[in-house]
Amino acid sequence: MTDPATKDPIRVTLKKLILHSKANFTADDVLKEFRTVKEKRNNRRLLKILEALAKNQPKALENLQETSKLLEKKDPFYCLINFLNYYSDVNIMQSMRKKEFTCSTPLFTKNVVDSPESVSEIKERVVQAASGSLSRTSQSSISTISVNLLGSTPLTLASSNSITAAVPTASTSAATSLGNASLCPTTKTEHNPDSLWEFHNMDNFQFQQSNIAAIPINSQENLLLFDLIYCLTGMRGSYISPVMNSFEGESVGKPIPLKFKISEQIHSSLRDIAQEILPLASHYTCIQKFIQKTTFTQCSQVLQALSEALNNLIHDYYLLLAQLESELDAGNLTLHKMLFYIRPTLNTMEVLAGAVSLIVTNDLHGGQALTLLFNQISALTGDEESQRFMIQLTQRAAVPYMNILQLWIQKGAINDPQQEFLVEDNEVIRREELPEHYSSDYWEKRYTVRRERIPCFLDKVSDIILRTGKYLNVIRQCGKKVTLPQTMDLKFSPTNQNHITVIQNAYRFASKNLLEVLLKENDLMGHLMSVKRYLLLQQGDFISEFMDACEEELAKNVDKVLPMKLENLLGLTLRLSSAKHDPYKDDVHCELLTYDLVTQMSKIMNNEEEYWLSHDRLDLNGLECFAFRYEVKWPVSLVLNHIAISKYQMLFRQLFYCKHVERQLCKIWKENSIAKKFSPQAAELYRSAFTLRQRMMNAVQNLEYYMMVEVIEPNWHLFIQNMNKVENVDEVLSFHQDFLDSCLKNCMLTDTTALNRSIFKMCNICLKFCEFIQKSQRFFLDAELTSMVCDSNDEDNSESELDFSNQKQSESSLAPTDTFSERVKRFDLEFTALLIGLLKQINDVASDNPSDRFINLVHRINFNSFYNEQMDKLCAKDALLTHR
């Protein structure tokens, strides 16, 4: 006895669910509702019916949610089958397909359905065809029905020769259901979804063949025409079979078209003509396979849009087949006529199939697929009809991509679930939750361009696209509403450049608005001037008062310095100096770094982003670790980010250290002014020390003058000139970075670390000399008293020197037994050697970089050629060592 489920599994499953849920309707009522025509359909009512059926069933909510999504784009009857498949004891799709294949398949069915239920029957058969379950009989009936339904508007074969794309709709009607042959239900079957459009994977079902070799050629032609129509709709024929394993070439990226074998019983002349028609079936199969693969939501949006456009073109292809079958039924169709009628469609389908094959075999999506389609347009120059279709397809496929682009350049937001847009958002958390150094990384790392995702027609404006969205994103994060002055309608057209104009207009709007936010609403230039006052020592009176107030505290070891005390002294100094009128003075703070200037410079220049992290403190005093910190809020922090502030700090630390050395030299000059009262004999002992002090003062002051007047001021003037004509924020960032880099380079704070170390060593020698002179202060008083009583003699001087030599000289490399004059002479030799070495290094760097200002420093320090002879000797010595 046959299992009733195999006879009608749909009704059996429905009755079982109705019985279990105790619903008050029958299986026929459910089928009638799901076969309702589109005009009378109510998806909400259909979901209510399914909800009643699924009552008390396992995973009911999950299955209902999936069916609800499916109802938005699939035929209701198919959705019903998919829903029932969860609760059926057998696979409904497979059972229906096997049932259809076991039915008889008359080749000459010409019945036209005239009953009022014909539309419902058509829809059911169309859904079954989309599931791969319709037999040749059903296909023939559908073709006949299609002709009957379109009878009210007579179609000629000439109209089918030009396929026109229809506007995509949210749901598929009965007339276009054949185009949705890519429907693939989520069932328990392991059947390959691609097999629906591969002739040789139809469950290995073999159609019966009659011996027709002996019948007349006209009769053979008639049978062959029916077989051709079946093949052109994706069905096997009785006398036409596909060649197995014909798609193996796709695995290596080279598509191989599907080929067919025609029975040897057919006359050779008929076979030759049919072989010219059969490539159309191969192209159709290729397109349908592509449509099926790109049906589901996890696929690229561009490919889904392309699939929808191809689906609408396939609908017109079905109309052509319906007309051909109508002609065949009327006895007016021959193979020659059929070949003539399909020739334009054959060319177009060949182009479309070639394009989708390249997309599938090369795994293209998003911008890559659009680039291929756009290049195909140029390749079709001369074939106007095919080129027109390709233009339409490219426009349709580009719609979702252009929608993402429009949202980006209109609001600065990205909605790209399939990761195919050219701009990638690297944000993973909210900006408020990011570390303090986020602002510097934001501009360069938050949004990046993925070159492989850029369509070729947007390649030239990709940088503009990136900046437009970034500008708008910053404006939105500032809490300002972005409103475009005019409605944006961004559509891609291969025949014009309107989309480029729209992008450029959006860029100008975003750039202008962000500049206003930065320059006017947040006073960027005011902040930059404030940074220059404090970190580049432009506010002279404030710097002098601050150094007077903090000198004692900064002289301690860095671990003993109290940051709170420095902050209090800073606030006091700011309010007592002319800086009290600066509106941004409260943004300046004190900072004790954990590394010296050379370490900071090397880390900055080597792009070690972790340089701001905590390090073990070196044995440094507060002066060597001290720097100002300038804190700003968003969006000014885009320009004054932690990298920029660190570069300002490097300039500040070198200037501040040199200023401290100058102050110490000036201090001993004032304290030693008593030597003017000495008699010539008493003062002779100290002349060499005073001369050395003056040479040190000359070197340090010229170094300061060079950095502040010859480097920073000219570069600042150029920066202000550039800022007066900026057009976008990227130019602001670029000009600001150029200003800082130029200052660092000419102040010897970049890759020329040897220069910086030489300056640092020279300043240290100056400080040690100042310390030495200050400890020798009591001998100046003795010399003054001696000169007031009588002229000192050589013995007295020698005694003084002897007494002085017994004093301890801490933190000095000089021998403790040296006399005063010997110590001064040693300081002189050491300072001179360092200075000459520095001048030689500057000369070498200047010869390699003549455009830099390094040589100016040499001319300033060696203004009277005092060091020329010693420099020449050093150069000769180096040359001799090199020669050896």
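User: How many cavities of 30 Å³ or more does the count come to?

Analyst: Rolling a probe the size of a water molecule over the atoms shows where empty space is left. A cavity is a set of points, on a 1 Å grid over the protein atoms alone, where a 1.4 Å probe fits but cannot get out. Grid points are joined across faces, edges and corners, and a volume is the space filled by probe spheres set on the points. By this rule there are six cavities of 30 Å³ or more, and the largest cavity holds about 150 Å³ of space. Please note that the model is predicted: local features need pLDDT of at least 70, side-chain atom pairs count only at pLDDT 80 or more, and totals for chains, interfaces and linings use all residues. Residues are numbered from 1 along each chain as its sequence is written, and side-chain values use heavy atoms, with hydrogens and water left out.

User: Which residues lie nearest the centre of the largest cavity, and which element supplies the largest share of its lining?

Analyst: Lining residues have an atom within 4 Å of a point. Here 14 residues line the largest cavity, and L597, R653, Q654, Y657 and F760 lie nearest its centre. Helices are DSSP runs (H or I, at least four residues), numbered from the N terminus. α25 (622–625), α26 (642–671) and α29 (753–775) each supply at least two lining residues, and α26 gives the largest share, five residues. The lining has nine nonpolar, two polar and three charged residues, where Ala, Val, Leu, Ile, Met, Phe, Trp, Tyr, Cys and Pro count as nonpolar, Asp, Glu, Lys and Arg as charged, and the others, Gly among them, as polar.

User: Where is N621 placed, and with which residues is N621 in contact, leaving aside its neighbours within four places in sequence?

Analyst: Contact means heavy atoms within 4.5 Å. N621 sits in the loop between α24 (597–605) and α25. Leaving aside neighbours within four places in sequence, N621 is in contact with L554, A555, K556, N557 and V558. N621 and V558 are 63 residues apart in sequence, yet their C-alpha atoms are 4.7 Å apart. A polar atom of the N621 side chain also lies 3.2 Å from the backbone nitrogen of L623, and one lies 2.9 Å from the backbone nitrogen of E624.

User: Is T361 buried or exposed?

Analyst: Buried means under 20% relative accessible area, exposed over 50%, and partly exposed in between (1.4 Å probe, protein chains only). T361, in helix α15 (residues 335–361), is buried because its relative accessible area is 16%. N621, by contrast, counts as partly exposed because its relative accessibility is 26%.

User: How many salt bridges does the structure hold, and what parts of the chain does the R695 and D828 pair link?

Analyst: A salt bridge is a side-chain nitrogen of Lys or Arg within 4 Å of a carboxyl oxygen of Asp or Glu. The structure holds 23 salt bridges. In one of them, the side chains of R695 and D828 meet at 2.6 Å, N to O. This pair links distant parts of the chain, with R695 in helix α27 (residues 680–723) and D828 in helix α32 (residues 820–848), 133 residues apart. R695 is buried at 15%, whereas D828 is partly exposed at 24%.

User: Why are D463 and R467 separated by about one helical turn?

Analyst: They are four residues apart in helix α19 (residues 462–477), which means a separation of about one helical turn.

Notes
1 Å grid on protein atoms, 1.4 Å probe; cavity = no way out; pocket = protein on both sides within 12 Å on 5 of 7 lines; lining within 4 Å. Polar contact = N/O pair within 3.5 Å; in protein donor to acceptor, adjacent residues only side chain to side chain.
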